[in-house]
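Here is a quick walk through a predicted model. Have it open beside you and follow along.

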Amino acid sequence: MKTGLITSDTYQNHDTGTGHPEQIARVSVIIDNFKKLNNKNLLWKKPSIISDEIILTTHDLEYINLVKKSFPKKSFSSLDGDTIISPGSKEAIFDAAGSIIAAIDGVENKEFKNAFCSVRPPGHHSSQNKAAGFCILNNIAIGCQYLLKKYKYKKVAIVDIDVHHGNGTQDIFYNNENVLFISTHQYPYYPGTGSEQERGKFNNITNIPLPAGTSSEEYLNAFEYALKKLEDFKPEFVLISAGFDAHEDDPLAQFRLKTEDYYHITKRILETTKNFSHGKVVSILEGGYDLKALQDSSKRHVDALIEFN
Ligand SMILES: [Zn+2]
């Protein structure tokens, strides 16, 4: 079976203004590269149209209404200090959330074995009722709730490899024993959360904070603990918050991962969970702000998804 690649052109309508790191080109470089490579093992698919009912599993009604009313007629407005929206952002935001729904349905319907969603804006800093850190809807949390509610899974793991702590995702699942949330991240750093003491009501949160300057070797050693937790939890489905901003070339953080590490990290997640999840893995783009590093690292991430059987 192929690997699903979920994307649409609407990310181009989400304009964050000149000089903003969370820029349109982030997804363009990934998509243009996959188009050029023309890999026959990829099955391209558009996002699903997402209903309010699905979003309401994750976000408060008041917050959803606030987001819907906030799109400016022209120019820009902001939902928090660095979360900018423009007139066309609405389609991009709802398509980003709809992409993970399309990916999950595709895996469940055996259209493809696993999937990567190349979309923006990212989602993992967004909580039930708050936009933050370029994130408006928490795409991966919406996907996770969809797995629990529609497909009745009892054990879903979210692995967040973005260099920033996935505080929004942690908040949403802090008291949910059906979800294991694992995050590796630079610490102390934005958004300030992510200490080892934040464990969740059911010990279902595993934070692996690492200092600025963390090398590939140090990261991969620390990641063994994440894999051990995954093995213990035995997830039936795995979601990956795929941020590529732990790369050594990234301008927003100070980890020193190399492009090739993303292949190994992905492969290790797949190998560790295959006996429980049978390869059911959906990954979605979070951060990653050096365009070349993002293009190459996401390609190696997807290579691991394609190769895995
Ligand atoms: Zn990040």
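## Starting at one end of the sheet

Let's begin with strand E1 (residues 3-6), which is joined to E2 by four bridges, the two strands running parallel. If you want a specific spot to look at, take Ile6: its bridge partner in E2 is Lys45.

Helix H9 (residues 291-307) packs on the sheet here, touching E1 and E2 as well as strand E5 (114-117), E9 and E10. The direction of H9 makes about 165° with that of E5.

## The whole sheet

Zooming out, the sheet is open and has eight strands, in the order E2-E1-E5-E10-E9-E6-E7-E8, with parallel pairing. Going from one strand to the next, the twist averages 15°.

Another helix to find is H5 (residues 139-149), which lies across E6, E7, E9 and strand E10 (281-285). H5 runs at about 175° to E9.

## Helix H7

Now for H7 (residues 216-233). This helix has 18 residues and reaches 25 Å from its first C-alpha to its last, close to the 26 Å expected at 1.5 Å a residue. Just after H7, Lys234 takes a positive phi of about 55°.

Which residues of H7 are buried? They are Ser216, Tyr219, Ala222, Phe223, Ala226, Leu227, Leu230 and Phe233. As a reminder, an α-helix has 3.6 residues a turn, so residues three or four places apart point the same way. The buried residues of H7 pack against E6, strand E7 (179-186), strand E8 (205-210) and H8.

For reference, four tetrahedral donors would ideally sit at 109.5 degrees.

Asp162 lies in the loop between strand E6 (156-160) and helix H6 (167-173), while Asp245 lies in the loop between strand E9 (237-242) and helix H8 (259-277), so the pair ties together parts that are 83 residues apart in sequence. Are these two aspartates buried or exposed? Asp162 counts as buried because its relative accessibility is 1%, and Asp245 counts as buried at 0%.

Note on methods
Residues are numbered from 1 along each chain as its sequence is written. This is a predicted model: local features need pLDDT of at least 70, side-chain atom pairs count only at pLDDT 80 or more; totals for chains, interfaces and linings use all residues. Side-chain values use heavy atoms; hydrogens and water are left out. Buried means under 20% relative accessible area, exposed over 50%, partly exposed in between (1.4 Å probe, protein chains only). The expected span of a helix is 1.5 Å times one less than its number of residues. Contact means heavy atoms within 4.5 Å. Two strands pair if DSSP finds at least two bridges between them. Axes are lines fitted to C-alpha atoms, for helices over the stretch in contact, and angles run from 0 to 180 degrees between N-to-C directions.
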